[in-house]
Amino acid sequence: MLVGTAINVKYLSESAYISTVAREYNMVEPENEMKWTAIRPNADTFDFSAGDQIVDFAQTHGMKIRGHNLLWHLYNPDWLAKGHYTSPQLAHLMEEHIEKVTTHYRGKVFAWDIVNEAIDGHGQLRHSIWYDQPGIGMADKGTAYIEQAFRWAHAADPDALLFYNDAGAEAVNAHSDAIYAMVEDFRHRGVPINGIGLQMHILNLNPDAKSIQKNINRFVKLGMQVHITEMDVAVPVDADRKVKNPEDLKKQSEIYAQITKACMKTSGCTALQTWGFTDKYSWIGWFTKHTKGDALPFDRNYQPKRAYTAIHEGLANSPKPRKSSSH
């Protein structure tokens with residue numbers, strides 16, 4: 001079982017930060033350092049320096065490395081987003097980018113989020129530079145551009161596990177139904193996809209754990225590995241960014257326990273990862289305009305919270321079932 005966290009290269013000079021990561025986790029993922037804006041300052045240049053620092057850190061400490069991500073409608077550099085490229089030009093840029101990045105990290109990154117958040121909450125393909133604005137020439141072919149990204153990535157690194165990653169599709173709903181239909185089609189036609197990333201950003205304290213369990217199970221039965229890729233559980237905070245109701249931290253820990261249990265109950269759920277690990281650098285505060293926060297297993301002083309204990313106990317007390325030969 002892989003237990004991971006997203007990390008940011010700018011904090012690797014902080015001793016408490018790196019010692020906590022090194023002690024507690026066996027997998028890391030870069031927050032931004034492998035996205036287009038970080039890696040590709042212009043069309044002709046690839047800058048792997050920040051991503052390489054994270055890879056070096058992980059390898060030094062014997063950790064697995066997830067790559068995130070090769071294709072997204074957000075966090076694209078201005079030269080790309082505002083470049084007014086034609087569809088053939090975009091197709092070339094996309095293939096070149098996927099090939100160069102996956103080749104650079106071949107043998108180091110064991111799993112990639114190939115495409116991130118390409119489907120919206122209603123189960124429709126999201127408008128993007130890659131799909132239809134103007135797209136790579138497949139705007140009238142549904143998920144074909146996603147398929148093409150997976151095929152190019154597999155050609156560049158046949159040994160890497162290839163994931164589709166999304167938010168809001170953790171439970172059974174229109175969003176996850178659309179992803180399931182896409183994956184089912186890909187599997188039927190031999191598209192090289194190995195797994196589904198369920199981000200698990202929980203912004204309320206009442207997730208449908210049974211539906212999440214059902215959703216994990218159905219993707220595993222389809223032959224997918226499932227990774228929980230970006231988990232955090234936000235609680236309401238006041239103007240001073242302090243938790244409004246301390247009882248919410250108990251509810252938070254119970255949710256972490258539920259999700260850990262849901263993953264551990266299913267052989268094909270092979271990784272549990274949080275989006276960061278310390279409240280000191282939580283993404284949730286920025287995302288919610290600081291109406292919510294304290295979403296992670298460690299507090300601002302790197303002390304373990306109830307959430308940490310819940311994850312730890314869930315991992316210790318829920319032995320993974322053996323994988324069947326069909327997996």
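## The largest pocket

A pocket is an open set of grid points with protein on both sides within 12 Å along at least five of seven lines. In this predicted model, the largest pocket has a volume of about 870 Å³. Its lining is made up of 33 residues, of which His201, Glu230, Trp275, Trp283 and Phe287 are the closest to the centre.

Two or more lining residues come from each of β3 (64–72), β7 (201–202) and α10 (283–287), and α10, with three residues, gives the most. By residue class, the lining of this pocket divides into 16 nonpolar, nine polar and eight charged residues.

## Strand β3 and its partners

Strand β3, which contributes to the pocket lining, is largely enclosed by the rest of the structure, because eight of its nine residues are buried. Strand β2 (residues 27–30) runs parallel to β3 and is joined to it by two bridges, with Val28 having Ile65 of β3 as its bridge partner. The pairing of β3 with strand β4 (residues 111–116) is also parallel and extends over five bridges; here Gly67 has Trp112 of β4 as its bridge partner.

## Nonpolar cores

The largest nonpolar core has 90 residues, and those with the most contacts inside it are Trp130, Tyr145, Tyr164 and Met231. Helix α6 (residues 144–156) gives the most to this core, namely seven residues. When neighbours within four places in sequence are left aside, the contacts of Tyr145 are Leu71, Met94, Ala118, Leu125, Ser128, Trp130, Tyr131, Ile136 and Met138.

Another core, of seven residues, lies apart from the largest one and includes Leu2, Met27, Ala111 and Phe163.

Methods: Residues are numbered from 1 along each chain as its sequence is written. This is a predicted model: local features need pLDDT of at least 70, side-chain atom pairs count only at pLDDT 80 or more; totals for chains, interfaces and linings use all residues. Side-chain values use heavy atoms; hydrogens and water are left out. On a 1 Å grid over the protein atoms alone, a cavity is a set of points where a 1.4 Å probe fits but cannot get out, and a pocket is an open set with protein on both sides within 12 Å along at least five of seven lines; lining residues have an atom within 4 Å of a point. Grid points are joined across faces, edges and corners, and a volume is the space filled by probe spheres set on the points. Helices (H or I, at least four residues) and strands (E, at least two) are DSSP runs, numbered from the N terminus. Ala, Val, Leu, Ile, Met, Phe, Trp, Tyr, Cys and Pro count as nonpolar, Asp, Glu, Lys and Arg as charged, and the others, Gly among them, as polar. A nonpolar core is a set of buried Ala, Val, Leu, Ile, Met, Phe, Trp, Tyr and Cys residues joined through side-chain atoms within 4.5 Å. Buried means under 20% relative accessible area, exposed over 50%, partly exposed in between (1.4 Å probe, protein chains only). Contact means heavy atoms within 4.5 Å. Two strands pair if DSSP finds at least two bridges between them.
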